[in-house]
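Q: Could you go through this model with me, piece by piece? I'd like to begin with how the strands pair.

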Amino acid sequence: MKYISTRGEAAPLSFTQTLLAGLAPDGGLYLPQDYPRLSQEEIAGFAGRSYAEVAEAVISPYVADEIAAPALRGMIEAAYASFRHPAVAPLAQLDDNLFTLELFHGPTLAFKDLAMQLLARLVEHALHARGQRATIVGATSGDTGAAAIEAFSGLRQVDVFILYPHGRVSEVQRRQMTTVGADNVHAIAIEGSFDDAQAAVKALFNNPPLREKLNLCGVNSINWARILAQTVYYFTSAVALGAPYRPVSFVTPTGNFGDVFAGWIAKRMGLPVDRLVIATNSNDILPRALASGAYALGEVRPTQSPSMDIQVSSNFERLLFEASGRDAPTIRAKMAQLAQSRSFDIDAGALNAIRADFDAFSVSEEQTSQEIARLWREARYLCDPHSAVGVSAARREALSRGARTPLVVLGTAHAAKFPDAIEAATGLRPELPPHLAGLMERPEHFSVLPNDQGEIERFIRAAVSGETGREPQKAAS
Ligand SMILES: Cc1ncc(COP(=O)(O)O)c(C=O)c1O
Ligand SMILES: N[C@@H](CCOP(=O)(O)O)C(=O)O
């Protein structure tokens, strides 16, 4: 299987090359040359199988020409062994026909663990085979960074640099990144938004000498392996609700568009998905784009679901590429226009193709709080603000289209990561699970940098060459 860039000017790569590359050298995102299709019988056969077994069946067609089956199986089993629920990603029923897929039973309490635990093992496997070191870089609005630090900090062949927006992640999220104390881990607070951090990471990749010298590897969902691993739980949950004999719809709280795009991949692979519902907070670029056809950047608004405070929704480029019939020159032109004038128009054919699969709703701060309170009052369910955005959008989807299929809301984070929002809505302050006891007392280590590419690059170069020591810093609120 080869992987091609959405911008059409990079050489096709193998899975392992794609894994280690992250962003394509032409600035595009990698996608497989085609999507293996699973038959109805194969999907039906997932019923009663473990999460790891389904993961192996879904992932192996994409990697089998490079990773031997026993090695892949070993990595998958190890990745999910530490999850606190035997099902790894269990379903909970919230209402008639309304379910939540709990993706927060991993070590850092967010859905990112499902992919990151496997990604770290795949990267370690690839680096070991090549006898290489790598510099892991990521931008985070809170959860990707924590999951990456947890997954990669024990690996000797890597240095890890995570950029997050200073003062714009929850205290639990920040502490998960700043209290690890491993010498190869660098948490960097950028004076800017998540979009600034993500732009800085992309600019690192677009600097070929630096990219080569440091052997950069990206762990955001720009990395195809992240999306691939996230595809698995669409299969496990749909099958638990009757697929392939009954279609299922998914509502995915969305920021960078990776998780909901994984649902689209599952559909392409043969899973009977009826609607894919994009749920955003008031950073509503995607609902606006689907309604009007204009993808137009606004200012990032801080919300109580900070991990979705994103305007530049990177993986939308992948969907646009597919919806426009894999027309790379068009994607290049649209992305150039976005960089120049902060907006572009989606062509009519692509817009129709997108609307055929997706609905989109933006949920206000008030609606989010009301949903958290309602779920506690009516279902005794403590729901984090991101997932509550999803549940609120799901109720609107059910109203607009009727309850024609089960609606599964992706439960993307544990309520205890956002105790202030939960307490404000319910009066209850959720406690961290026992494995995170002591998190709020541990010393923090992080560096604050201006939103300046030169400074960021100097910091990373110096740290990799061992020229800077990390100074513990006092956390800013
Ligand atoms: C808790 C949570 N929910 C939802 C999202 C949105 O996911 P995506 O960026 O894949 O759209 C994120 C981060 O991205 C997140 O951390
Ligand atoms: N919400 C994310 C932002 C980055 O998303 P990713 O899926 O592209 O890594 C976060 O919490 O960091």
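A: In strand β4, Leu-101 is the bridge partner of Leu-91. Keep in mind, as we go on, that this is a predicted model.

Q: In which sense do β3 and β4 pair, and over how many bridges?
A: They pair in the antiparallel sense, and four bridges link β3 with β4, the strand of residues 98–102.

Q: And which sheet has those two in it?
A: They belong to an open sheet of six strands with mixed pairing, and its order is β3-β4-β14-β9-β10-β13.

Q: Which strands stand at the edges, and why does one side of each have no neighbour?
A: The edges are β3 (91–95) and β13 (358–362), and because each has a single partner strand, one side of each is left without a neighbour in the sheet. From one strand to the next, the twist averages 25°.

Q: What does β4 do with β14?
A: Those two pair in the parallel sense over five bridges, and within β14 it is Val-408 that stands opposite Phe-99.

Q: How many bridges join β9 to β14?
A: Three bridges join β14 to β9, the strand of residues 248–253, and the two run parallel; Ser-249, for example, has Leu-407 of β14 as its bridge partner.

Q: Is β14 mostly covered or mostly open?
A: Strand β14, residues 407–411, is mostly covered, since five of its five residues are buried. Leu-407, Val-409 and Gly-411 point one way from the strand, while Val-408 and Leu-410 point the other way, and all of them are buried.

Q: OK, new topic: what's the order of the five-strand sheet?
A: That open sheet has the order β8-β5-β6-β7-β15, and its pairing is parallel. Its edges are β8 and β15 (447–450), each with a single partner strand, so one side of each is left without a neighbour in the sheet. Ignoring direction, neighbouring strands of this sheet are turned by 30° against each other on average.

Q: What packs on that sheet?
A: Helix α19 packs on the sheet and touches β5, β6, β7 and β15, with its direction making about 145° with that of β15.

Q: How many bridges join β5 to β6?
A: Six bridges join these two strands, which run parallel, and one pairing to look for is Thr-135 opposite Asp-159 in β6.

Q: Now the helices: how far does α8 reach?
A: Helix α8 (residues 194–205) has 12 residues and reaches 17 Å from its first C-alpha to its last, which is close to the 16 Å expected at 1.5 Å a residue. Several of its residues are buried, among them Phe-194, Ala-197, Val-201 and Leu-204, and what covers the buried residues of α8 includes β5, β6, β7 and α19.

Q: And what span should α14 have?
A: At 1.5 Å a residue, the 14 residues of α14 (328–341) should span 20 Å, and its end C-alpha atoms are 20 Å apart, which agrees. The helix is followed by Arg-342, whose phi is positive, near 65°.

Q: Last topic, the ligands: which residues come nearest to ligand 1?
A: Of the 16 residues around ligand 1, Asp-143, Asn-256, Gly-258, Ser-307 and Thr-412 come nearest. By class, the shell divides into six nonpolar, eight polar and two charged residues, and helix α11 (residues 258–268) gives the largest share of it, three residues.

Q: What classes are in the shell around ligand 2?
A: That shell has no nonpolar, 11 polar and one charged residues. The residues surrounding ligand 2 include Thr-140, Asp-143, Asn-220, Asn-256 and Ser-307, and the largest share of the shell, three residues, comes from helix α6, residues 143–152.

Notes
Residues are numbered from 1 along each chain as its sequence is written. Chains are lettered from A and ligands numbered from 1 in the order in which they are written. This is a predicted model: local features need pLDDT of at least 70, side-chain atom pairs count only at pLDDT 80 or more; totals for chains, interfaces and linings use all residues. A residue is near a molecule or strand if its C-beta atom, placed from the backbone, lies within 6 Å of it. Ala, Val, Leu, Ile, Met, Phe, Trp, Tyr, Cys and Pro count as nonpolar, Asp, Glu, Lys and Arg as charged, and the others, Gly among them, as polar. Two strands pair if DSSP finds at least two bridges between them. Axes are lines fitted to C-alpha atoms, for helices over the stretch in contact, and angles run from 0 to 180 degrees between N-to-C directions. The expected span of a helix is 1.5 Å times one less than its number of residues. A residue is buried if 20 or more other C-beta atoms lie within 10 Å of its own, exposed if 12 or fewer, and partly exposed in between; C-beta atoms are placed from the backbone. Two residues are in contact if their C-beta atoms, placed from the backbone, lie within 7 Å.
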